[in-house]
Amino acid sequence: AVVSTQSTGTVELQYSQIMDTFINITNTWSKGYLIVNDVLIGRYWPDAGPQYTLFIPGVYLVEGRNTFTLIELQSVADTVGGVYLTDKPYIDGPVNKDA
């Protein structure tokens with residue numbers, strides 16, 4: 001179920017080992033921007049595809065507390081566990097030309 005349009009979500013994560021990573025948001029967020037520690041990482045639009053992950057260079061992460069902010073422009077699904085970090089990109093999903 002879609003719970004809202006145009007919203008912002010922020011989460012703080014603790015890191016003890018800094019490394020490059022990817023964020024996957026395909027199950028919850030539909031179109032917007034990702035900001036990590038006040039740095040704009042990029043925009044996401046998994047409904048359009050084919051890229052479902054955004055790369056976060058390790059230089060933008062710090063040891064200790066890191067802030068991840070998603071600025072949603074369309075809608076957010078009411079789904080638990082829809083955002084997660086991974087060590088592998090997912091960049092070859094289907095393309096939706098009508099998105």
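Let's start with D87 and K88, whose side chains meet in a salt bridge at 3.9 Å, N to O. A salt bridge here is a side-chain nitrogen of Lys or Arg within 4 Å of a carboxyl oxygen of Asp or Glu. Both residues are exposed; exposed means over 50% relative accessible area, buried under 20%, and partly exposed in between, using a 1.4 Å probe and protein chains only.

A quick word on the source: this is a predicted model, where local features need pLDDT of at least 70, side-chain atom pairs count only at pLDDT 80 or more, and totals for chains, interfaces and linings use all residues. Residues are numbered from 1 along each chain as its sequence is written, and side-chain values use heavy atoms, with hydrogens and water left out.

By the salt-bridge rule, the count comes to two. The other partners to look at are E12 and R65, which meet at 3.7 Å, N to O. E12 sits in strand β2 (residues 8-15) and R65 in strand β7, so this pair ties together parts 53 residues apart in sequence. Strands are DSSP runs of E, at least two residues, numbered from the N terminus. E12 is partly exposed at 45%, while R65 is exposed at 53%.

Now, is N66 buried or exposed? N66 is buried, with a relative accessible area of 0%. Its place is in strand β7, residues 64-72. Beyond its neighbours within four places in sequence, N66 is in contact (heavy atoms within 4.5 Å) with residues including V11, E12 and Y60. N66 and V11 are 55 residues apart in sequence, yet 8.3 Å apart in space, C-alpha to C-alpha.

Terms used:
Helix = DSSP H or I, 4+ residues; strand = E, 2+ residues; numbered from the N terminus.
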